[in-house]
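Student: Could you walk me through this structure, one piece at a time?
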Amino acid sequence: MSARRVVVTGMGAVTPLGAGHQRNWERMVAGESGVATIRRFPVETFDVKIAAEVYPLPRVPEDEITDELGIHSRFALVAGREAWADAGLDDARPDPERVGVFMGSGKGILQLDHLVPAAKEAMASGRFEYAGFLRRAMETLSAERRKQERYHQAGTHLGRAVGAAGPNWVTITACAAGNHAIGEAYCALRRGEADVILAGGTHSQIDPMSLSGYATLGALCDRNDEPEKASRPFDRKRSGFVLGEGSGVLVLEELSHALARKATIYAEVVGYGNTGDAYRVTDPHPEGIGAETAMRVALRNAGLEPGAIGYINAHGTSTHQNDAMEAQAIGRIFGPKGEAPPVSSIKSMIGHLIAAAGAVEAIACVHALRTGVLPPTINYENHDPECDQDFVPNQARETAVEYAMNNSFGFGGQNIVTVFRRFASE
Amino acid sequence: MKRRVVVTGLGVISPNGLGTENFWKACLAGQSGIAPIEAFDTTGFEPRNAGEITGFNARDYVANRKSLKIMGRNIQFGVAATKLAVEHSGLNEQPPEAERFGIVMGSGIVPTDVEEVGAAIMQSLDENHEFQLEKFGESGQKMLHPLWLLKHLPNMVAAHASIQHGARGPNNTIVTACSASTQAIGEAARIIERGDADVMVAGGADSRIDPLSLVAYTLLGAVTTAERDPDKLSRPFDRNRDGFVLGEGAACLILESEEHAKARGATIYAEVAGYGTSFDGEGVTRPSMEGVHAARAMELSMKDAGMSPDEIDYISAHGTSTVLNDLMETRAIKRAMGARAAQVPLSSIKSMIGHLIGAAGALEAAVGVLAIRDGAVPPTINLDAADPECDLDYVPNEAREMKVRAIVSNSFGFGGQNAALVIREYE
């Protein structure tokens with residue numbers, strides 16, 4: 001039995017650069033930044049005051065805005081519907097039982113202000129009393145709002161919105177989750193568990209609790225006076241990532257299913273690698289052993305030599321550790337600058353979308369293959385000897401590419417790499 | 001030919017027993033682990049009982065004690081279960097090649113520490129006693145543990161466990177509520193089957209015994225608030241069932257390619273023969289009442305195993321003790337099993353331990369493995385009054401000795417995700 005092949009037939013994106021995968025691509029090629037001072041809540045007293053927000057929030061039908069629809073689920077609905085329509089699935093109406101949804105997702109937001117009455121009552125006597133907390137919480141909290149927080153909500157909302165009754169799962173492998181969902185969807189389609197899978201990620205954590213949480217971890221850049229310059233992957237003066245939000249969803253489809261319905265085929269998914277660092281929960285392995293292995297596994301899975309890869313969409317978070325580790329791991333596989341393919345990080349423009357990052361980056365890879373244009377790493381101004389590769393600095397570049405690699409390395413040590421191929425009908 | 005996946009180890013942290021054998025003995029004896037909540041004061045509140053883990057000392061299980069302070073409660077349970085499973089399989093003595101050794105866990109929201117958040121909120125009140133974000137930014141946030149974010153990431157179960165066991169292969173965390181750990185086991189089996197790893201730790205860990213979960217599930221009307229003895233509260237398939245009881249805990253299976261297990265002379269307890277998963281989109285806590293999609297997960301799992309309903313000897317049920325689930329599941333079993341439904345025994349250990357949400361499926365799969373190993377199935381306790389609409393053989397109140405060659409383990413999630421596993425005797 002010849003292996004089933006998997007192609008991309010639709011895409012959707014909501015990012016700090018706006019809604020629509022095409023519009024996003026155009027703005028990325030133009031090197032625009034979506035990073036700004038946070039508008040969603042007052043940030044004057046916070047150490048970090050900048051983020052890459054989706055602003056304004058994308059519209060969804062009025063009747064869908066319920067208490068249980070968290071912002072991250074809303075992003076997933078918008079990106080997922082765009083991908084669905086983009087793939088022509090509104091008309092094609094595939095068998096619902098053969099349509100799946102695989103999403104990487106973060107948690108919904110813990111809304112502090114909802115907890116205020118319960119916290120006040122609990123602390124009335126000066127020390128925390130649970131009975132008071134419980135009593136007041138029962139009166140003031142809403143079950144619907146509590147549902148927002150649950151991790152599976154994005155998969156559930158999207159599955160219902162498009163009527164997908166096939167495999168439905170949600171992964172939370174932090175910053176690797178979106179790419180992870182794509183890799184697993186590729187495996188499931190190859191195995192024949194579905195004909196179509198909506199795969200991607202969604203995330204929104206630009207809220208007071210999360211902002212302070214990431215900031216105290218020392219992971220965020222606090223260049224508050226020049227937001228658009230804050231995210232600078234691989235630059236020597238990088239100083240942390242910028243929190244972003246949004247969603248990317250791809251329609252992955254088994255090739256013969258796509259051909260039979262004469263779908264537009266954007267690209268083919270040809271490789272996937274997944275490894276764990278088993279090093280530390282707070283830091284990536286300093287030499288990027290896990291990242292390197294994931295890239296090697298993905299190459300082997302695709303049946304490719306390193307030389308076949310024409311472009312690498314880096315994880316490139318703009319943290320000191322990630323970028324040095326990633327550049328070195330790339331060097332060990334692909335050789336030094338000049339020999340290795342161009343590498344760029346769109347996080348320079350849209351920040352770090354955490355669970356959605358890998359999915360939006362996969363969309364960038366697909367566009368790069370289709371158009372022969374590589375998106376730039378903006379804010380690349382100072383060469384860092386620890387990061388010595390061609391990062392497509394500041395300007396998009398025309399280069400025809402046959403294979404593109406998408407790297408995602410999650411907080412906690414999950415490393416996910418996918419490989420895409422330009423689609424040529426044979 | 002597809003690679004076969006076998007089970008070579010188990011680890012269980014359950015409200016009715018710490019460690020696999022204690023858990024199994026308690027299940028066969030029909031022992032409930034449901035009792036008044038000890039973790040915090042529930043005076044005046046209903047519910048105030050749960051399937052709580054007691055007598056658990058994380059230091060007995062966690063190698064790197066410094067990391068304990070950044071491990072939420074379910075993370076500790078999860079790491080403990082992986083340790084027990086790895087030791088049970090003998091892999092601690094025969095470590096697999098690191099890159100061919102992975103982990104997939106089902107997990108859920110790690111409980112918010114309301115004491116900590118409460119203190120942060122109090123610190124953020126202005127002179128009028130109103131909450132101000134400016135004050136939260138200024139001083140409130142300093143009341144939170146600096147690494148609180150790490151404590152609350154569900155993927156940290158797999159992250160800590162992979163570090164403890166040196167597992168550098170595929171690493172995943174699935175968060176589809178009540179189906180999460182069944183999906184985790186299914187996905188881990190697929191990873192071995194397709195050749196991406198030789199050994200996988202697979203299971204789930206969860207804890208919802210915290211004030212916010214207690215309030216949220218009570219508001220949903222999903223948990224029982226009845227005034228009964230704690231051990232009588234959870235009564236799946238009984239006519240007087242009225243909601244589930246929250247639980248906590250963890251379980252892991254060691255899955256291994258047949259080849260790898262044989263080469264190292266491992267004891268093989270069972271084979272993971274099939275996995276099926278489906279989605280029903282008809283409501284977050286209301287399962288599709290005819291059980292069409294739930295049945296489909298069972299059908300897909302049997303098809304994947306190449307087995308017919310007649311070959312299934314036991315079903316480890318989802319059986320939550322809610323009115324709707326148990327009725328729906330009964331219908332789904334009839335739909336998926338046909339004439340066999342009337343003969344096949346099924347039971348729900350949730351009657352004894354409550355609903356472990358993201359860990360439930362892993363404990364229920366462990367029951368399947370143990371039933372095959374020992375030729376006995378646990379009872380559904382508290383099944384005192386027959387529900388005319390739940391008319392299958394639920395193994396009421398007494399364990400049963402019987403030959404078990406193959407089982408189906410069911411999980412149906414709040415989010416509409418359904419999953420089922422077929423586990424069978426290894427030949």
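Tutor: The contact takes 72 residues from chain B and 69 residues from chain A, where two residues are in contact if their C-beta atoms, placed from the backbone, lie within 7 Å. This is a predicted model, in which local features need pLDDT of at least 70 and side-chain atom pairs count only at pLDDT 80 or more, while totals for chains, interfaces and linings use all residues. Residues are numbered from 1 along each chain as its sequence is written, and chains are lettered from A and ligands numbered from 1 in the order in which they are written.

Student: Which helix gives the most to the side of chain B that touches chain A?

Tutor: Helix α8 (residues 211–220) of chain B does, with seven residues; helices (H or I, at least four residues) and strands (E, at least two) are DSSP runs, numbered from the N terminus.

Student: New topic: how many residues of strand β10 of chain A are buried?

Tutor: Four of the five residues in β10(A), residues 309–313, are buried, so this strand is largely enclosed by the rest of the structure. Buried means that 20 or more other C-beta atoms lie within 10 Å of the residue's own, with C-beta atoms placed from the backbone.

Student: And in which sense do β10(A) and β14(A) pair?

Tutor: They pair in the parallel sense over four bridges, β14(A) being residues 403–409, and pairing requires that DSSP finds at least two bridges between the strands. A:Tyr311 stands opposite A:Ala404 in β14(A).

Student: What about β11(A), over how many bridges does β10(A) pair with that one?

Tutor: Over two, again in the parallel sense, and A:Asn313 has A:Ser344 of β11(A) as its bridge partner.

Definitions and conventions:
A residue is buried if 20 or more other C-beta atoms lie within 10 Å of its own, exposed if 12 or fewer, and partly exposed in between; C-beta atoms are placed from the backbone.
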